Amino acid sequence: MLTIDGITVRLGGRPILERASATIPQGARVGLIGRNGAGKSTLMKALIGEIEPDDGTIGKPSRARLGYIAQEAPNGAITPEEAVLAADTERAALLIEAETCTDPDRLGDVHERLLAIDAYSAPARAARILSGLGFDEEMQRRPLDSFSGGWKMRVALGALLFSEPDVLLLDEPSNHLDLEATLWLENFLKSYPATLLVISHERDLLNKVVDHILHLQGGKLTLYPGAYDAFEKQRAERAAQAAAAKAAQDAQRERLQDYVARNSARASTAKQAQSRAKMLAKMQPIAALMEDPSLSFDFPSPGELRSPMINVDGAAVGYDPAVPILRRVSMRIDADDRIALLGRNGNGKTTFARLLASQLQPLEGTVNAPGKLKVGYFTQYQVEELPRDSTPLDLMTRAMEGKTPAAVRAQLGRFGFSGPRATGVVEKLSGGERARLALALITRDAPHLLILDEPTNHLDVDAREALIQALNDYTGAVILISHDRHMVELTADRLVLVDGGTAKEYAGSMDDYIDFVLGRNQPKKDVKPAAGQAGTKAPAPNRARLKFVQSELARAEKAMAKLQAACADLDSALCDPALASDREGARKMEELAARRARAGDQLADAEAQWLDLGEQLEGLGLV
C-alpha cells in the first residue's frame, strides 16, 4: 500500500501540493491526472524521494522497489539491448559472480538464483520489449549514441519495464512514442503484475489500463474508482452538485444581505440583523466553476478553395536525391478532407507532411496545388523553439506585421491569450499554453490546410477534447499525425498508411488497423481451400470493387455521425437565450444559423451518398 498523508510541497514559495492525501491499494492500477501545471510530476518526484515534502509523510511498502524513468536519456557505446538487460541489477551482479566465483557451494546458490529469476530467458524478454517499442533487430544492436533523444528515451522506458519494479511510476510514457508503440505499451501495461501509477492524458490508455483515477486539482488529491470514463461521470455529478449548492448559497446570501440592509437601523430588529451579519461573515463561499482559458481553441475559417486542394502524382520525396524516403506516391486531397497518417516513426510520415506543406520538393513526379493555398504546419519543434523572453503579444505582432492591434489581439483571444495572458513571457507558460500559442501563430492567416504533427503532447485530457471540437468545427482540411487514438478516431475520416517506402490509402477502419498492429484477427498463411471450394472465390475485379465500396460506406457512416452530432450541438447553441440579449449575441446567432444550414446540407449529401453506396453493396450481393 502506498500512502500520501497530508503532504505539502512548495516551489519558489508557491504551494504546488497542499495537505494532499491519498491511499493507493497494493496492486492498484492508477491514472494520475490533472491540468497542465497542477503538480503531477512534482508528486511523482516526491514519491521517489527526489523532492522532500515541506510537511506530511509518504508511506511505502517495506522493501518495495519503486521504478521511475530518469530525466536524462541513456547514452554511450552500449546497445539498447545491453542497456535494457543492465536494468536488472541483480541478474547482472549474479552473472558476474558466476564467472568469478571459486566457492562451489556459493556457485551453486548463484546458479539456483539465476534459474529462479529466469535470468537465461532475459535476452529474449528484452528483445520483445524493445521490438514493441519500435526497435528492429539491427537497431537493438546499434550504439546508443547513434540514436536521437526520443529513441534514447524509448530505451529508458524499455529498461524500466524490463526491471519490473513493485511500484511502477510512469510520467507521460507515450510522449516519445508513435501510435504503434503506444498500442503495444497499452497492451503491456494491461497485464503488468504489480502496482502502477501513470501520469497520462491518453483517454484510451486511461480507459483500458487503469482501475482508479487519482485527480490532482488545487493542490488536493481525490481517488476515484474506475477508469477515465467513470471518473468523468462522477466529476460531472460533483460539478452539478457544487453548482446547485453555490446557487442555493448565493440566494441565501442575497436574502441575508437584504435583511441586514433593511433592519440594521431599527432598534426592534437590530439584534436579528446583527445575528444575520455574523452568519454572513462566517459563510464559507462555495467556489464557482470557472471557465478555463487553457481550453480555448478556435481556428479561423479559411476562404473557399476548389477541390482537389492538392494532387500528388507519382511523387518521390526525401533528403538525399539518391535515396528517397517515399516513392510512387499518388493521392488527391480535397478541401474538406480529414486525413490521419498512420505508420511507425521513421517510415516517412513527417517527410510526407513536409512534401504537402511545400517544405520539400518532389524528387520525381509532381505535386500540384493552387498558388493561393495557405498551409498551417504545426510541429513540436515550434513549441520548443518559441523565444523564451518574448510575450505572446510580441510574437503575434511580429507575425501579423501590418495588421491592426485589434486584429492581433483577436487572434490571440481565439486561443485563450486575452488580457494579461497576452503579455506574460513565454518562459512562464506551461507546455500546453506554448502549444496553444504555436497553434495561434500558424493559423494567423486562416490557412486552408492544417498539418498537425503530434499536437497533443503537451495537452491535458480536457484540452485535447477542446482541440478535437475545434478541429471538427474548422472548415478547412486537416492532415493529422498523432499517437492519440481517441483524437484520430474523432477527427479523421480518411486513413493513409505510410509504410514500405510509400503512402497509400488504408481501406480498413481504425479498429482494423489496431488489430493489424497488435497481430489480432490476422489471416492464416498458406491455407489451401478445401476440396470442392476452389471455385467459390469471388472474381478479382469484384473483390476490389467490394473493398472500395465497403471502405466508402464506412467513411460515409462516420461522416453522417459527425454531422449529426454537429447539427445537434448547433441546435443547442441556437436555443441559448443569452444570444438574444444584445447586438453581439444577434451576430453570433446569425453565424450559428449559417453554420447550421451548411451542416444540414452536408448531412443531406452524406445521407444520399450512404444510400447510394448501400445500393451498390446490394448489387454486389453482400446485403
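This is a short chat about a predicted model of a protein.

Me: What kind of model is this, and what are the ground rules?
Reply: The model is predicted: local features need pLDDT of at least 70, side-chain atom pairs count only at pLDDT 80 or more, and totals for chains, interfaces and linings use all residues. Residues are numbered from 1 along each chain as its sequence is written, and side-chain values use heavy atoms, with hydrogens and water left out.

Me: How many helices and strands does the protein have?
Reply: There are 21 helices and 18 strands. These are DSSP runs numbered from the N terminus: helices are H or I with at least four residues, strands are E with at least two.

Me: How much of the protein is buried?
Reply: Of its 623 residues, 43% count as buried. Buried means under 20% relative accessible area, with a 1.4 Å probe and protein chains only.

Me: Let's take α16. Which residues does it cover, and how far does it reach?
Reply: Helix α16 spans residues 431–442, twelve residues in total. From first C-alpha to last it reaches 17 Å, close to the 16 Å expected at 1.5 Å a residue. The expected span is 1.5 Å times one less than the number of residues.

Me: Is α16 mostly covered or mostly open?
Reply: Mostly covered: eleven of its twelve residues are buried. Among them are Gly432, Arg434, Leu437 and Ile442.

Me: What covers them?
Reply: The cover includes β14 (375–378), α14 (392–399), β15 (449–453) and α17 (461–473).

Me: What about His448? Where is it?
Reply: His448 sits in the loop between α16 and β15. It counts as buried because its relative accessibility is 7%.

Me: Which residues is His448 in contact with?
Reply: Leaving aside neighbours within four places in sequence, its contacts include Pro302, Met309, Lys372 and Tyr474. Contact means heavy atoms within 4.5 Å.

Me: New topic. How do α5 and α7 cross?
Reply: The axes of α5 (residues 122–132) and α7 (residues 149–163) come within 10 Å and cross at roughly 135°. That makes α5 oblique to α7.

How values were computed: Axes fitted to C-alpha atoms, helices over the stretch in contact; angles between N-to-C directions. Parallel < 35°, antiparallel > 145°, perpendicular 65-115°, else oblique. Buried < 20%, exposed > 50% of the residue type's maximum accessible area, 1.4 Å probe, protein only.
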